[in-house]
Amino acid sequence: MIDETFQEKLAEYCSKTFGAGGELAGVQRLSGGASMESWAFSYRGEDYVLRRLPYGLSPDDDGLRGVPLATQADVIDLARSAGVTAPEVRGRLEPEDGLGDGFIMTKAEGETLPHKILGNPEYAEAESRLTAQCARELAAIHQIKMNPLLQSLEYFSPAELIRVQKEKYHEIGGQIPIYEYAFHWLEQNAPDASDQYLVHGDFRMGNLMIDRQGLSAVLDWELVRLGDPVQDLAYLCTPSWRFGHYEKEAGGFDSAESFLAAYADASGAEVDPDRFRFWLVYSTLWWGVACMVMGQIWRSHGDRSLERTVIGRRVSEVEIDLALLFAEIMPDALSTSLDWSVPDQQNVTGETSYGELLTALDEWNAKQVLPGLKGHDKFQSRVAGNALGIARRQAEWGSGYRDAAGARLAAIGYDHRQLCQGLSQGDIEITNSAVWDHLRLSALERLSIDQPKYAGLKVALNKWSPS
């Protein structure tokens, strides 16, 4: 249900900004938007998108990791003048408009949902062009000359970025062994990156509008800042942004090798492989911490949306992603197989189990609720189904996995806290075969509960299962 007051205020704004006498139509909350709301609407025959902070949140909310919306609009204007394919900013909200903090853009045509684009024959021609197009867009962004607007943006060195993420992680109370090791590895391998360039900060599938000809708009500029261009390249290749096409490192549409070669052609700058690996590990870990932040925002009553809690459970995806990334640089002797599989379905007798209750609730949502919903409500129902599945698998398998993890830790002589501390400080080597096996098995166990359809789980099982 869309608030009538919101529609009335939006209609008043449109009349003031785009001319009186028009009719506001098609107001619809777009799917997604855990850190920013997007609303589509039409006025006087033109299609627009409103970007604003979620209701009840202020620009100073710690969970909203981006620059002020007014600055985003300024950067979009600058990027368009430099040839970047971005939507035109048509209006900026003021406090007296009563619509919150945000701005209005011309609606770009196309599709943003990766599962509707990647591997879809209807978008095959567009997908074949994405490598060159993304490389050109990023090169154009990175080559924008420094000016007062850009100088007002934040810049953090690689070491500072690691510190900021580590502080967030510890503030939330994180204790995930492979995250601890990843922080240590990043600190040991941080490159010099003192030169400052404009970086988009969130350039990935899902934030790119795609039509049948390819990329039609670069969206979602809230993480724009100064930094190392290679960070943008690695971010597009982050495992979570491959959307089921895990083997295609660049956004789920091509190999990292092809994408980096295309960027070198577009920018004239070759990409150092070690620098790229650093930013790939950093971006992967960054997303894991961002998931934890999402859950913390819900926990602290900043935004009680269901989506934030489900995203908060995606930390286990990153455990698998990090394990696969580190496996690439591990000694061959550690490339051992693991005897592991998802538990068999239990034959429940007697009283109704908690897992059965959650299964019944999930089936009711899927069969009775979801079919009658549209738009954002339908999206939310699907999120609810995901949450119920997580809770059901935890009820059925969680205790068994805890016992197995405890036995492994006892065998290597550490408790969970000691392992985390030792990996963080470099006192425990990840190349210890028992430690490495524990990290991999823990990641498999947790991910099988949280997101069993995540493509990285299948990749890990293929890589680590006995042949």
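Hi everyone, let's start with Asp 202: at 5% relative accessibility, Asp 202 counts as buried, where buried means under 20% relative accessible area, exposed means over 50%, and partly exposed lies in between (1.4 Å probe, protein chains only). This is a predicted model, in which local features need pLDDT of at least 70 and side-chain atom pairs count only at pLDDT 80 or more, while totals for chains, interfaces and linings use all residues. Residues are numbered from 1 along each chain as its sequence is written, and side-chain values use heavy atoms, leaving out hydrogens and water.

So who is the partner of Asp 202 in a salt bridge? It's Arg 204, at 3.3 Å from N to O. A salt bridge here is a side-chain nitrogen of Lys or Arg within 4 Å of a carboxyl oxygen of Asp or Glu. Arg 204 is buried too, with a relative accessible area of 16%. The whole structure holds 22 salt bridges.

Here's another: Arg 29 meets Glu 37 at 3.9 Å, N to O. Arg 29 is buried at 18% relative accessibility, and Glu 37 is buried at 6%.

Next, Arg 392 pairs with Glu 396, their closest N and O atoms being 3.4 Å apart. Because they sit 4 residues apart in helix 14 (residues 375-412), about one helical turn separates Arg 392 and Glu 396. Helices (H or I, at least four residues) and strands (E, at least two) are DSSP runs, numbered from the N terminus. Both Arg 392 and Glu 396 are buried. Elsewhere, shared partners link Arg 29, Glu 37 and Arg 52 into one salt-bridge network.

Last stop, helix 2: its buried residues include Leu 69, Val 75 and Ile 76. Just after helix 2, Gly 83 takes a positive phi of about 95°.
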